[in-house]
Amino acid sequence: MKKVVHYREVLGHLRVGRHATVRPVDHPDTENVSNKTWATTSEIVRVDEVTGIFETLNTVYEPTHETQKAAS
């Protein structure tokens, strides 16, 4: 099962086959990912445009209630 990470902001559009740039809130790999700055994900494999949930090769990302789309 993939880990779930919440994000508060996404830069640009979420597209299958591309990487996302997000501001994670609770990414467990704090050695390689800061929960205070932008992070680039692995390749996106699925996007739910209604909920904002998307899945990458490694992780499922869910928006927080405060999630906003940043200007791209």
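Q: Which residues does Glu55 touch, not counting residues up to four places away in sequence?

A: A contact means heavy atoms within 4.5 Å; on that reading Glu55 touches Lys2, Glu43, Ile44, Val45, Arg46 and Val60, with residues up to four places away in sequence not counted. This is a predicted model, in which local features need pLDDT of at least 70 and side-chain atom pairs count only at pLDDT 80 or more, while totals for chains, interfaces and linings use all residues. Residues are numbered from 1 along each chain as its sequence is written, and side-chain values use heavy atoms, with hydrogens and water left out.

Q: Is Glu55 buried or exposed?

A: Buried means under 20% relative accessible area, exposed over 50%, and partly exposed in between (1.4 Å probe, protein chains only). Glu55, which lies in strand S4 (residues 54–56), has a relative accessible area of 18%, so Glu55 is buried. Strands (E, at least two residues) are DSSP runs, numbered from the N terminus.

Q: How does Val4 count by relative accessibility?

A: Val4, in strand S1, has a relative accessibility of 40% and therefore counts as partly exposed. Leaving out residues up to four places away in sequence, Val4 touches Val60 and Glu62.

Q: Which residues make up the largest nonpolar core?

A: A nonpolar core is a set of buried Ala, Val, Leu, Ile, Met, Phe, Trp, Tyr and Cys residues joined through side-chain atoms within 4.5 Å. Here the largest has nine residues, namely Val5, Tyr7, Val10, Leu14, Ala20, Val22, Ile44, Phe54 and Tyr61. Strands S1 (3–11) and S2 (19–24) are the elements giving two or more residues to this core, and S1 supplies the largest share, three residues.

Definitions and conventions:
Helix = DSSP H or I, 4+ residues; strand = E, 2+ residues; numbered from the N terminus.
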